[in-house]
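Here is a short note to read with the structure open beside you. Please follow the points in order.

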Amino acid sequence: MTKQQTGPRTRGVVQISGDMIGSTVIIIDNSGRRSAPGTCPVSVSSVLTVLDQLERDTRIRVLDFLDREFGTRMVKDLGEQQLTRAMLYVTAILKKNEIRKLRKADNETSR
């Protein structure tokens, strides 16, 4: 008897093998990293690419955030969930900066 189980609630592969005599082997492989359905994992390089779009002072504040929240200023040391959170933080800053630029441009044209 062999049973393999994979699915949204399992992490990796669970394989159970046995026979009628009573010997059973259980193999659990948790090495597979899966992201939520419909999403793609955030990579270190994508976070660094977005960080490069920030001005120096803002980039330093992001690194301070990483140190405060995750105990490191190095993007390469972050796990998958931490990378996702860092990406969300940086993209929120970029959106906020874009809104400021649009408002400033709108104010200048309305004068």
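1. In which helix is F65 found? F65 is found in helix α2. Helices here are DSSP runs of H or I with at least four residues, strands are runs of E with at least two, and both are numbered from the N terminus.

2. A word on the source. This is a predicted model, in which local features need pLDDT of at least 70 and side-chain atom pairs count only at pLDDT 80 or more, while totals for chains, interfaces and linings use all residues. Residues are numbered from 1 along each chain as its sequence is written, and side-chain values use heavy atoms, with hydrogens and water left out.

3. Now the overall plan. The protein has three helices and three strands. Read from the N terminus, the order is β-β-β-α-α-α. Of the 111 residues in the protein, 18% are buried. Buried means under 20% relative accessible area, exposed means over 50%, and partly exposed lies in between (1.4 Å probe, protein chains only). Next, take contacts between residues at least 6 apart in sequence: 39% of them join residues at least 24 apart. A contact means heavy atoms within 4.5 Å.

4. Look at helix α3 next. It covers residues 80–109, which is 30 residues. The expected span of a helix is 1.5 Å times one less than its number of residues.

5. Which residues of α3 are buried? They are L83, A86, M87, V90 and I93. Their cover includes α1 (44–51) and α2 (56–70).

6. M87 lies in helix α3. Its relative accessible area is 15%, so M87 is buried. Leaving out residues up to four places away in sequence, M87 touches V42, S46, V47 and V50. M87 and V44 are 43 residues apart in sequence, yet their C-alpha atoms are 9.5 Å apart in space.

7. Is Q81 buried or exposed? Q81 is exposed, because its relative accessible area is 72%.

8. Turn to the aromatic rings. The structure has two aromatic pairs. The rings of Phe, Tyr and Trp (its six-membered ring) pair if their centres lie within 6.5 Å; planes under 30 degrees apart are stacked, over 60 edge-to-face, and the rest tilted. F65 and F70 have ring centres 6.0 Å apart and planes at 80 degrees, so this pair is edge-to-face. F65 and Y89 form a stacked pair, at 3.8 Å centre to centre and 5 degrees between the planes. That pair links distant parts of the chain, with F65 in helix α2 and Y89 in helix α3, 24 residues apart. F65, F70 and Y89 form one aromatic cluster.

9. How accessible are these three? F65 counts as buried because its relative accessibility is 6%. F70 has a relative accessible area of 18%, so F70 is buried. Y89 has 30% relative accessibility, so Y89 counts as partly exposed.

10. Back to F65 and its surroundings. Not counting residues up to four places away in sequence, F65 touches F70, R85 and Y89. F65 and A86 are 21 residues apart along the chain, and their C-alpha atoms are separated by 8.7 Å.

11. Last, the largest pocket. A pocket is an open set of points on a 1 Å grid over the protein atoms alone, where a 1.4 Å probe fits, with protein on both sides within 12 Å along at least five of seven lines; lining residues have an atom within 4 Å of a point. The largest pocket holds about 350 Å³ of space. Its lining has 13 residues, and L54, T58, I93, N97 and R100 lie nearest its centre. The elements that give two or more residues to this lining are α2 and α3. α3 gives the most, with eight residues.

Terms used:
Points joined across faces, edges and corners; volume = space filled by probe spheres on them.
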